[in-house]
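Please find below a note on the model under review.

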Amino acid sequence: MDKTNISPDERNEKFLTKLQERDVDVQACFQCGRCSSGCPVGEFFDLSVMEVVRLASYGQEERLLGCHTIWLCAACETCATRCPNDIEIAALMDVLREISLRKGVSPAEPRIPVFHKSFLGSIGRWGRAYEIGMIGTYKLKSGDLMGDMALGMRMFMKGKLKLVPHSIDGKAEIKEIFSGKGKEYDR
Ligand code: SF4
Ligand code: SF4
């Protein structure tokens, strides 16, 4: 972690209130490290899970929005399950990703939000993931045209990827969810 001193003046109270509203009690952390030691993808993080929680408890929103960890987290919930204080760490990562997108912060892992948007766009349009359409959108937007091509071809040959999207019941309801009607967000 960056060893620069943290000044109390940098404490973002709005961020801390947002965490309270989501029932993410970062102040309960006593830095035992169980979250970090159980994280299956922690070796790829620039900030360990317990560092993220500690910085969050200090209201260091800006530092957290610029890190790789919030995008590499796989939302598996292992950390929250292992935490003796029941801190909702996966929800904390979610809040940080949301704030980052709403504030237009340049993500440290730019391809990951592009993938998320392609996936959610597919769900919003078809009601479920239409893999070929979703991957096509992701590749065009990310510029990663050749990545995983061999794997994609193997999946196609095994019938795992369908050329046309499946139709499902309740598409209108799903579109309604994606319209965000009735939800108000602040930046
Ligand atoms: S497991 Fe919970 S209490 Fe322990 S360091 Fe992680 S967040 Fe803090
Ligand atoms: S939810 Fe994220 S931070 Fe927590 S254990 Fe899973 S990958 Fe690691």
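1. The model is predicted: local features need pLDDT of at least 70, side-chain atom pairs count only at pLDDT 80 or more, and totals for chains, interfaces and linings use all residues. Residues are numbered from 1 along each chain as its sequence is written, and chains are lettered from A and ligands numbered from 1 in the order in which they are written.

2. Around ligand 1 there are 15 residues, of which Cys 29, Cys 32, Arg 34, Cys 35 and Cys 83 come nearest (a residue is near if its C-beta atom, placed from the backbone, lies within 6 Å). Helix H2 (34-38) and helix H3 (49-57) are the elements that give two or more residues to this shell; helices are DSSP runs of H or I of at least four residues, numbered from the N terminus.

3. Ligand 2 is surrounded by 14 residues, the closest being Cys 39, Cys 73, Cys 76, Thr 78 and Cys 79. Two or more residues each come from helix H6 (78-82) and helix H7 (89-103), and H7 supplies the largest share, 3 residues.

4. Leu 55 belongs to helix H3. Leu 55 is buried because 20 other C-beta atoms lie within 10 Å (buried means 20 or more such atoms, exposed 12 or fewer, partly exposed in between, with C-beta atoms placed from the backbone). The C-alpha atoms of Leu 55 and Arg 11 are 9.7 Å apart, at a separation of 44 residues along the chain.

5. Helix H11 (residues 171-179) is hardly covered, with 0 buried residues among its 9. Gly 180 follows H11 and has a positive phi, near 75°.
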